[in-house]
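Reader: I would like a close look at one part of this model. Please take me through a single site, step by step.

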Amino acid sequence: MLKIGIVGCGAIASLICKALETERVKKAEVISLYDTNYQKSSELARKTNSESYETLEGFLNSNIDLVVECASVNAVQDVATKSLNSDKDVIIMSVGALVDKELFIKLRDLAEENNKKVYVPSGAIAGIDAIKAGSLGHIEKVELITTKPVFGLVNALLKNGMTEEEISEIQEKGEPTVVFDGTVFDAISKFPQNINVSVVLSLASKVPANVKIVADPTLSTNKHEIYVKGSIGTIKTCVENNPCKDNPKTSALAAYSVILLIKDLSEPLRIGT
Ligand SMILES: NC(=O)C1=CN([C@@H]2O[C@H](COP(=O)(O)OP(=O)(O)OC[C@H]3O[C@@H](n4cnc5c(N)ncnc54)[C@H](O)[C@@H]3O)[C@@H](O)[C@H]2O)C=CC1
Ligand SMILES: O=C([O-])CC(=O)C(=O)O
């Protein structure tokens, strides 16, 4: 049995816990939980057959094989470094942190030294298997257009200096409005809870993506359109994801993606790249 510990007990963690309690994933179980908000980890522990810890150190001393980070971009450095140094493999969901090349290299080298693995799931987008394989050739262009309902973007827009009046105008206009157009580096620093997928895409293609973020008052899904052009030809994908109930910024597919990775890691047969 693969023993899992989760850091960050929000929307994704709840779906992982639910799935691992069913027959769909038979060879992995969640046994340990940690959240900076102890109430959240305790509540999830109560609903599941697991234990919550008040400190990251206590959590890492528990009998887990694999840490799943689903907390925040800011949590990744500490959680991943300490997990690898505690002889645990780690799955990173807040992939935006890996846009920092120094951190990326540090974690890769640490995993190698400790004979451990760092996993980055495909998350809320489609086509990563093909893009990864295509990156063995030459890739010249990588684009992502992410369109989300306004309510999923509102916190980031306010933090980025948009006023409440300007956000209301987008709502009232009732039309899609481009709220960001730029590099993956700027995108993840301005929208750390919305655009981790742009960093997954950039890491898989080995080319920094151009990113457009659109706020659409008429939309109820999180839509991600990808365009990749290279020596293998062209890859275009589009997903219209239903959001998680507990956090509308996050798509259910992101949680399913990590659940499937856990299943693959715990079972003898794996399908797909
Ligand atoms: N790679 C991908 O495709 C996707 C990645 N994400 C990212 O995955 C992460 C989790 O997403 P959700 O479950 O929707 O978030 P959420 O907001 O529902 O839950 C996050 C939880 O982490 C806790 N937390 C925050 N910082 C922490 C820290 N330093 N240590 C321990 N706990 C901490 C919070 O208290 C909260 O309970 C987020 O960073 C999100 O942006 C989300 C969707 C797609
Ligand atoms: O779940 C999604 O649709 C994408 C997302 O929030 C992220 O990449 O951070």
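Reader: In which helix is Asn196 found?

Author: Asn196 is found in helix 10, residues 196–205. Helices here are DSSP runs of H or I with at least four residues, strands are E runs of at least two, and both are numbered from the N terminus. The model is predicted: local features need pLDDT of at least 70, side-chain atom pairs count only at pLDDT 80 or more, and totals for chains, interfaces and linings use all residues. Residues are numbered from 1 along each chain as its sequence is written, while chains are lettered from A and ligands numbered from 1 in the order in which they are written.

Asn196 is buried, because 27 other C-beta atoms lie within 10 Å. The cut-offs are 20 or more for buried, 12 or fewer for exposed, and partly exposed in between, with C-beta atoms placed from the backbone. Leaving out residues up to four places away in sequence, Asn196 touches Ser94, Val95, Gly96 and Gly123. Contact means C-beta atoms within 7 Å.

The unreviewed UniProt entry lists Asn196 together with Ala124 under "binding site". Such annotations may be inferred rather than shown by experiment. The two are spread over 73 residues of sequence, yet they cluster in space, with a largest C-alpha distance of 8.9 Å.

Ala124 sits in the loop between strand 6 (118–119) and helix 6 (128–134). Ala124 counts as buried because it has 23 C-beta neighbours inside 10 Å. Its contacts beyond four places in sequence include Val197, Asn222 and Ser251.

Now the ligand. Ligand 2 is surrounded by 13 residues, and Ala124, Asn196, Val197, Asn222 and Ser251 are the closest. A residue belongs there if its C-beta atom lies within 6 Å. The shell holds 4 nonpolar, 8 polar and 1 charged.

Notes: Ala, Val, Leu, Ile, Met, Phe, Trp, Tyr, Cys and Pro count as nonpolar, Asp, Glu, Lys and Arg as charged, and the others, Gly among them, as polar. Two residues are in contact if their C-beta atoms, placed from the backbone, lie within 7 Å.
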